[in-house]
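Subject: Handing over a structure, with notes

Dear colleague,

I am passing this structure on to you, and below it you will find my notes on what turned up when I went through it. Please read them with the structure open beside you.

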Amino acid sequence: MSKLPEGFFIGAATAAHQVEGNNVHSDYWAMEHMEYTSFNEPSLDAVDHYNRYEEDIRLMADAGLNAYRFSIEWARIEPEQGRFDEAEIEHYRKVLTCCRENGLEPIVTMHHFTSPKWLIANGGWENEDTIDAFAKYCAYVVEKLGDQLNYVCTINEANMRLQIAAISKRFMKQMQADQAKAAAKDSKSNVESSVQVGINMENPMMERMKKQAMENMQIFGTPQPNVFVSMCTPEGDIMVMRAHQAAKAAMKAVKPELKIGLTLSLHDFQVVEGGEDAAAKEWDDEFLHYLPYIQDDDFFGLQNYTRTLIGPDGSLPNPEGSEATQMGYEFYPQALGHVIRTVHEKLSIPIMVTENGVATSDDSRRVAFIQEALKGVEDCIADGIPVVGYMYWSLLDNFEWQKGFSMTFGLIAVDRSTQTRMPKESLKVLGGYTKD
Ligand code: GCO
């Protein structure tokens, strides 16, 4: 018997680029088609959600879901700067109408990692002009579709840029250490002169990065395009928050009653002996330093997938023998309840779980994950924490960015050769929470 309150949103989440297909005016589409791409494969038709959204929405409604989180694609709405495509507005109006006709509350994300290519060519997420461009796009959408909208997430995982910067720093440090070690070793054996021919033992990865930079120059006019999911400067990190605030103000000016928030990717940091300071630093970077920009929002979009053990030198590997997901995370659905509680210590506004899920080929593990995660949500609500919804990531097995279609998060499998949908038991289980 579900202990979730009346009116609690039980839904699934997607992102335009990951499910719709043929997002041809976006930065990601360009990057996927580079000769020296970092993507395992291009998104192409994805899972054709652009044309099959009615079927997908009906599958959610039939299972009992009462909400659907999806993103409106800026690169479709404004394919060139200042040119807004009314036909694409009409497409998303049909999606919104279909949600309502099927009893699903649309939870709309205005930016989910992908940007129009022109924005990145103009300096992207390190150029102050992006703040105004994003606010204008959001205001335009609400002017046209506001009558269908109640909940809007401005930016998905607005803290991802800082997380990428931290990972990139760690990676470069590791690569330099490895190179120093290799150079030291080579200086003894001196590989390059151990054969009677001029050979160049270049570091293949560095070679590839050089070629990628040259391609970026051709495509974006810069060797290092400031796409959203890339390392940021401290100013760029806060610029995303300012873009959120500008977009919120612009949308409220059109529809004051709109409920607006943003989403953050949060980890359940668990301290191992001596990791207290490292965990405090990670939590400040990931969440606390954004509080001034979000504490007056209408809700907070919380996204969590696992826990992270933190020792004195930062994150630690998954515990020995623990179950791992396809993404390499520890299978740990209890993290969600922990993170909700930690967030609520500092943020009193309503919390919507806008992403929580598991990449696995064994749907019985997805069922167990959902049940454990939602038990944590029920316990938080029982303790008076205002959680208003749970959006499982993801509705469909889809394009997991640079990993391509290899990760299966979905409540619905898709045979991409025919785009046939195959609902899994987990979809029924999730829908059951609105029926109990
Ligand atoms: C993210 C994005 C989603 C991912 C999902 C699984 O959080 O990275 O919002 O687009 O696909 O989280 O990794």
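Two strands are taken to pair if DSSP finds at least two bridges between them, and strands (E, at least two residues) are, like helices (H or I, at least four), DSSP runs numbered from the N terminus. On that basis E1 and E2 pair in the parallel sense, over three bridges, and in this pairing Ala13 stands opposite Arg69 in E2.

Before going further, please keep in mind that this is a predicted model, in which local features need pLDDT of at least 70 and side-chain atom pairs count only at pLDDT 80 or more, while totals for chains, interfaces and linings use all residues. Residues are numbered from 1 along each chain as its sequence is written, and side-chain values use heavy atoms, with hydrogens and water left out.

The sheets

E1 and E2 belong to an open sheet of nine strands, in the order E5-E4-E3-E2-E1-E12-E11-E8-E6, with parallel pairing. Its edges are strand E5 (259-261) and strand E6 (263-265), each of which pairs on one side only. On average, neighbouring strands of this sheet are turned by 25° against each other, direction ignored; axes here are lines fitted to C-alpha atoms, for helices over the stretch in contact, and angles run from 0 to 180 degrees between N-to-C directions.

Strand E2 (residues 67-71) is also joined to strand E3 (residues 105-111) by five bridges, and these two strands run parallel. Within this pairing, the bridge partner of Phe70 in E3 is Val108, and that of Tyr68 is Pro106. Helix H5 (residues 86-101) packs on the sheet and touches E2 and E3, its direction making about 170° with that of E2, where contact means heavy atoms within 4.5 Å.

Is E2 buried or exposed? Five of its five residues are buried, a term that stands for under 20% relative accessible area, with exposed meaning over 50% and partly exposed lying in between (1.4 Å probe, protein chains only). Both faces are covered, with Ala67, Arg69 and Ser71 on one side and Tyr68 and Phe70 on the other.

Four bridges join E7 to strand E9 (residues 307-311), and the two run parallel; here Val271 stands opposite Ile310 in E9.

The nonpolar cores

A nonpolar core is a set of buried Ala, Val, Leu, Ile, Met, Phe, Trp, Tyr and Cys residues joined through side-chain atoms within 4.5 Å. The largest one has 111 residues, of which Trp125, Phe300 and Tyr390 touch the most other members. Helix H7 (residues 129-145) gives the most to this core, with nine residues. A second, separate core of 16 residues includes Phe299, Ala359, Met391 and Trp393.

The aromatic residues

The structure holds 22 aromatic pairs, counted where rings of Phe, Tyr and Trp (its six-membered ring) have centres within 6.5 Å; planes under 30 degrees apart count as stacked, over 60 as edge-to-face and the rest as tilted. In one of these pairs, the rings of Phe134 and Tyr137 have their centres 6.1 Å apart and their planes at 45°, so the pair is tilted. Phe134 and Tyr137 are three residues apart in helix H7, and therefore separated by about one helical turn. Phe134 counts as buried because its relative accessibility is 0%, and Tyr137 is likewise buried at 0%.

The rings of Tyr305 and Tyr329 are also tilted, with centres 6.2 Å apart and planes at 50°. Tyr305 lies in the loop between strand E8 (300-303) and E9, and Tyr329 in the loop between E10 and helix H13 (335-344), so the pair ties together parts that are 24 residues apart in sequence. Tyr305 is buried, with a relative accessible area of 14%, whereas Tyr329 is partly exposed, at 30%.

With kind regards
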